[in-house]
Amino acid sequence: MLNISTEKYQALERLSDENGIISALAIDQRGSLKKMIAHSSPKEIGDEGIIEFKKLISKELTPYASSILLDPEYGIPASGERDEDAGLLLAYEKTGYDATEPGRLPDLLEEWSVKRLKEAGADAVKFLLYYDVDEDKKINEFKHIYMERVGSECLAEDIPFFLEILTYDARIEDVKSKEYAKVKPRKVIEAMKEFSKPQYNVDVLKVEVPVNMNYVEGFSNEEAIHSQKEALQYYKEQSESTHLPFIFLSAGVSAQMFQDTLKFARDAGSTFNGVLCGRATWKDGVEPYASEGEQAGRDWLQTQGRKNIEELNKVINETAISWHHKVQEVPLQKQVVQSH
C-alpha cells in the first residue's frame, strides 16, 4: 500500500475518473510531432503549428479523458483549452536523448522546476526515463541518483510523481525487433522493481506492457516467440513486481491493438490502473490537420478521434482497476512524524 498526503491524493483524484481509473491523453511529443506535421504539411508550419495542434487536441478530446499530459515548451496554451473536469500532467524532461553519448541519459528542462510546473497548473509531474537494467553500472547509478532528485523535488512540492520508463538494450538498436522482443519482459519487470523502491518517491509508474504483442501467437502475422500462456504469465509477473499504481502507455501501436492488449492484460490478472494514451488516439489526425488545415483536423478529431477515445474508455472501464485499492491517504504531518 502506498501512503500519500491529502494534497497528492486529491491531485490523483483530479487526474482520474470517478472510479479512480486514469484514462489520460498524452500529447507531450515535441521533436517527433514536429516531424509528423512536417511530413504531411505542404508548407512550413513552425512552432505555432505545433502549439495550435496541441490546443486543438486538448479542446476536442479532453471532454472524453480524465486528464491530459502536455509539455511546458509547447503545451501550456493547450492546458488552458482543456475540459474543466480534466486534470493536467506536465512533462519535466527534455525531449529525446543525446544519441552521441552512451546511456540515453536523462535531462531536465532547464527553465522549469517542479515548483514552476505546479504553479503552471500541473496536478502531477511526469518524467520520462530510458532504462536498461543491464546497462553499465555507472550509467544506471547516474539515473538512480537523478530520479531520487526528481522524486525529492516532487515530495517537497507535495505533487504526484509519474515516472515513465522506456526500456532498451544497449546492444540492440531496434526495440521493435524480434531480438529485443525476446529480452523485453525481463527489462520491463526489473525496471519496475527498481523504481518501486521508496527512495525514488514515485507515486505512479507509466510503463510499457511486458511483451511486444506482435510476437505473441495469434496477435499478428509475425513469427511468434511467445505463446499466449507465456505472455499471460509475463503480465502477471509485471503486475506483481510493484505495489505502486501503474498505467500503460500505448507506445504508438494502433488503437485496435492497444484495446486488444488491455483485454489480454485483464485476462492475465494484471492490476493496472489505467492508461496514458497518445498516438494511438490522435496520430491519424495529424495528416488532415497538416495538409488541409485546422478545420480538417478539427473534423477528424470530432469524429474518428472521439470514436477512438470513447472506444478505448469502454475497454479501460472493463479492464483496469481503481488505484484506490493501492493508495492510502495519510496526513502530511503524520507522514513526517513516521519518517523520523
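This is a predicted model: local features need pLDDT of at least 70, side-chain atom pairs count only at pLDDT 80 or more; totals for chains, interfaces and linings use all residues.
Local features were considered at pLDDT of at least 70 and side-chain atom pairs only at pLDDT 80 or more, whereas totals for chains, interfaces and linings use all residues. Residues are numbered from 1 along each chain as its sequence is written, and side-chain values use heavy atoms, with hydrogens and water left out.

The structure holds 31 salt bridges, a salt bridge being a side-chain nitrogen of Lys or Arg within 4 Å of a carboxyl oxygen of Asp or Glu. One of them joins Asp203 to Lys8, with the closest N and O atoms 2.9 Å apart. Asp203 lies in the loop between helix H7 (178-195) and strand E7 (204-207) and Lys8 in helix H1 (residues 6-15), so this pair ties together parts that are 195 residues apart in sequence. Helices (H or I, at least four residues) and strands (E, at least two) are DSSP runs, numbered from the N terminus. Asp203 and Lys8 are both buried, where buried means under 20% relative accessible area, exposed over 50%, and partly exposed in between (1.4 Å probe, protein chains only).

A salt bridge also forms between Lys187 and Asp132, whose closest N and O atoms are 2.7 Å apart. Because Lys187 lies in helix H7 and Asp132 in the loop between strand E5 (124-131) and helix H6 (137-157), the pair ties together parts that are 55 residues apart in sequence. Both Lys187 and Asp132 are buried. In the salt bridge between Glu194 and Lys197, the closest N and O atoms are 3.0 Å apart. Glu194 counts as buried at 13% relative accessibility, while Lys197, at 37%, is partly exposed. Salt bridges with shared partners join Asp28, Arg30, Glu73, Glu93, Lys126, Glu164 and Lys206 into one network.

The whole structure contains 13 aromatic pairs. Rings of Phe, Tyr and Trp (its six-membered ring) pair if their centres lie within 6.5 Å; planes under 30 degrees apart count as stacked, over 60 as edge-to-face and the rest as tilted. The ring centres of Phe219 and Phe264 are 5.3 Å apart and the planes stand at 85°, so this pair is edge-to-face. Phe219 is in the loop between E7 and helix H8 (228-240) and Phe264 in helix H9 (residues 255-267), 45 residues apart. Phe219 is partly exposed at 21% relative accessibility, whereas Phe264 is buried at 5%.

Phe248 and Phe272 form a tilted pair, with 4.9 Å between centres and 40° between planes. Phe248 lies in strand E8 (residues 246-249) and Phe272 in the loop between H9 and strand E9 (274-277), so the pair ties together parts 24 residues apart in sequence. Phe248 and Phe272 are both buried. Ring pairs link Phe219, Tyr235, Phe246, Phe248, Phe264 and Phe272 into a cluster.
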